Amino acid sequence: MQALLIGAAVGVVALAVIFFRRERAGRAALEEREKRFRLTMECSAIAMALMGPDGRWLAVNRALCRLSGYREEELLASSFQQMIYPDDLQEDLQQLGAILAGRVESLRLEKRYVTKAGELVWVRLSIAAVSEDGSVRYLIVQCEDIQAAKEAEHALAESRHQLQLALSAGGVGIWQYNTVTGQLDWDERIYEMYGVKPGQQGDGTLKIWYDRIHPDDLAQLQPRLQQVMDAPGELDGEFRILTPDGEERYIRARAETTLVGPDKVPLMVGTNWDVTAERTMQHSLAHEKESLRVTLNSIADGVIATDQGGRITFMNPVAESLTGWRERDAEGEPVDTVLQLSDEEGRPAPTNPIAVALRGGDMCFLREDCFLLSRDGSRYEIQDSAAPVKTAEGEVKGAVMVFRDVSARRAMQKKLRYHATHDALTGLTNRREFENTLQQTLDEGIAEHSVLCFIDLDRFKVVNDTAGHVAGDALLRECARVIGRQIRDGDVVARLGGDEFGLLLRSCPSDKAVQIAERLIAALGDIRFAWKDSLYDIGASVGLVQLDGNLISVEEAMSRADVACYAAKHRGRNRVSVYTPDDSEASRRHLELQMAAGLRESLESNRFLLYAQEIRPIGGETEASHYEILLRLRDRNGDILNPGAFIPAAERYQMMPHIDRWVLTQVLVTLSEELAALPSLHLAINLSATSLDDPTFIPFLEELLDHTTVAPERLTFEITETTVVNQLSSASELLARIRQKGSKVALDDFGSGFSSFNYLKHFQVDFIKIDGSFVRNLLYSSVDRTIVESISGVAHRLGVKTVAEYVEDIAMIPILEQAGVDFVQGYAIGRPQPLTMLFEQLAAPSVLQGRQLRLVNRDA
C-alpha cells in the first residue's frame, strides 16, 4: 500500500514535471512569438502599437511616431484618448468598450487623429484584442495613413457637388440607355422636366420618352436616335414635349454612345435641358424684329443702319426713295456713297452724321439747310439725327440714322418767316423787322454813318376815302415799287403802317441822304394813279435824322424821324426836313400833347367810352344777343371822337396795350354784375397787335377770365388778319389759350392783308369778318361778289362762320345771303350806341324776344 502510494506520488511528480516543462515551453514559444511580433511591428511601414485596456500605449513603432509627430517616449507617456479628435472621442470609446467586453473581436474604423503639430490626419484604424485567461491582456492597433485618399475623396465629392449644382442651376437632367437591354434610366430632374413620376407605365423604356415628345417632332427624332444607337456617335438636337397637363415645352438634348466593358456594350449617355424660355425669347425677338421692320417700312422717315465700319446693313423704303438706292444694292456700301449730303450751295457736307456717331459714340444732328442728293439727281432738304448702336459694355457696333424730307416744311417756314418780317400788302420789310434792323445798326456801332428817314404820303387819304380801300392798297403797292427803285443796294425800306414808310440809308452822309430824299419826293410826285374814271396824284413829306452816338434806342431814333416828318408836313408838304435839336422841341411837345400825352391823360381821366354795335344773323332767330364792343373818346371839349382819330396815334406810341387793358377791365370787372344779369348777351372785343407783343398781356387776360363772373363762353376776341400774319408766334399762343378758356375767336378784316386760307390750317377760329372793302361796292361789283362767295364757301368747309362788315345798304343783305354769308354788320343793321344804353334795352323783357346773333368790333 505504501509502495503504491509512493508510486502514485512519483507519478504525480513526473506528471507535474511534464506539465511544467510544457508550460515553460509554451511560454518560451509565446515570448518568441511576441519577440518576433515586436520586431515585425518595429520594422513595419504601417503605424502599429500595443495598447493596454486602459488606453495607454504599451509599445509603438517608428511609423506611428512619424505619423503622429511624437517621439516614442512621448507616446508611451500618453494615451489613445489624448490623440483622438475630440469630436470622435465619445464614439471611439464606445466601440473600444465593445472589444473589451468581448462583444466584438476587432474593429476597423476611419478616424481623425491630432498630430503633435495640431494637424488632423485621417487614418484607417484596425484594433484587435489579445486575451489571456478570458480577459483582454492588450490590444494590437494598426493605423494606415489615408489623408491623401480622403483629400482626393473630398475633392471628388466637391466636384460632384459642383457638377450637381451646375446641372441643377442649368436645369440639366441626365439619362442613359442600354441599347442591349433596352433599359432607360432617368435622373429625378428629367422626371420633373417631363412632368411624370418614376414607376408609372413605360418607365425604364423608350416608350415613356416617346409618349411625351410632340408628334410633329417624334418622326424626325426617332431616326436620328436610332442612328446614334446603331453606331457610336453624337446626338445634338431640339424637340418639343407635351407635359401631362398639355403644356408645350422645348427640350434640348445631347447624347453620345460609347462602348462599355470588355464586351463592348453600347451605352448611350445624354442630357436634357429645358430651353422653353430661350425659345420664347427668340420667338418674341423675332416677332419684335419683324414688327420693327414693318414699322420702319411704314413710317414717313427714312432709316439707314450701318455696321461699325460705316457700311450699310439696312434701309427702309423711304430711305430707298430719297436716296434712289435699293437696299439690296446699297447693302455693304459705305454710307457716304449712298447718303450724299451737301449745303444749300451744293458743296459737300464736311461730315456725315453716321461717321460722327460712330466716332464719338453720341447722338448727333445735321445742321439746318442740309440737302440730300439722290441717285437720280433730285435734291431734298432733310432733317436728321444719327445715334450709335452699342453693346451692353458700351462698345459701338454700328449706327442708325433717321432722316426726313423737310423741303415743303422748310419752304413753308421760310414763307412764314418772310411774312412775319414783311408787309403783306407791299412786300416791304414790316415795322417790327425794320426796328430790329435799326437796333442792330445802333448795336454794331455803325449808326454814325447812317441816316433814318420817315416818308409820309401826302393826299393818300383822298384816294383811300373816295376810291376805296382796294384803290388805296393798289396805290401803296405802286409807291413801294417807286421807292424801291430810288434807293441803293444795302439800304432798307419798310412800310411802317398806313401810308408811312421808313428808310434806313446805310453809310450815307447827310447831304447825300437829302438828295436821295428829294429824288424820292420827285418820283412819288410823278405818279399819276388812275382808278376807274379818275386820275389821282400824290406827294410825300420826308423827315431825316442823322444817327449818332447820342442815339441809344430805337424809340428815340424813330421819334426824331417822326418829328422831322411832321415838321416837313407843316412846312408845306412835298419837302424834306432834317431833324435838328434847335427846332425839334416845339414839334416834339406838339406831338406829345396831341398824341401820347393826350391819350395817357384820357386814360387817367377815364374819358374813354364803351359803345356796342349789333351783328345780326341772315335768316333764323336766336335768343342770344351778340354785340361788338366799340371804343370812343370824349375830348376836353366834350366832343365824341371816333377810333380813327386816336387809334393810329395810340398804336404808334405804344398806348394800345394800356387801352386794351382798360377795355377788358371795364367789361370783365367794372361791368361784370350788369353782364351777369344779362346771360343771353354775348360780347366780342378786339385785341391790338401791340398788345400781343407785350409778354405780360396774355397772363393779364387769363387772370381776368379766371376771376370774372362773365362766362368765357359769352366772349369772342377779334384779331385782325394782319396781326396774325405779323405776330405769328404770339397770335398762335393767344388763340390757343383763349380757346382753352372756352371763348371764341374771330379773324377781323379778312382779305385786307395776306388773304391766305392757309393760315386757317394753323389758327383755328370761329368767325371770319370779311373786310368792308369787298362789301361796300357789292351792289355794283361782280368781282367783289365773287370774292365774298369764295371766302364764305371755303370758310364753311372749314367749319367757320362769316360776317360781312360795312353793310350800309339794306339791299346788300339778299346778295350776301345768296353768297352764303352768315352774319351782317353795319349801319343798315344798327348804329353804334353806348353800352349802358344797350344794357337798359336788353333788360326789357320784350327786347329779348326774337333777338338774333351779333358779334363785336371796336373799329366801326
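The model is predicted, so local features need pLDDT of at least 70 and side-chain atom pairs count only at pLDDT 80 or more, while totals for chains, interfaces and linings use all residues. Residues are numbered from 1 along each chain as its sequence is written, and side-chain values use heavy atoms, with hydrogens and water left out. Helices (H or I, at least four residues) and strands (E, at least two) are DSSP runs, numbered from the N terminus.

**Helices α24 and α27**
- The axes (lines fitted to C-alpha atoms over the stretch in contact, with angles from 0 to 180 degrees between N-to-C directions) of α24 (residues 656–670) and α27 (residues 697–707) come within 10 Å and cross at roughly 10°.
- Residues in contact (heavy atoms within 4.5 Å) include Leu-664 and Leu-668 in α24, and Phe-700 and Leu-704 in α27.

**Helix α14**
- Pro-353, Ile-354, Ala-357 and Leu-358 of α14 (residues 353–360) are buried, meaning under 20% relative accessible area, with exposed over 50% and partly exposed in between (1.4 Å probe, protein chains only).
- These buried residues pack against elements including β11 (302–307) and β16 (379–390).

**Loop residues with positive phi**
- Ser-507, in the loop between β21 (500–505) and α19 (510–525), has a phi near 50° and counts as exposed at 57% relative accessibility.
- Tyr-806, in the loop between β34 (801–804) and α32 (812–818), has a phi of about 55° and counts as partly exposed at 30%.
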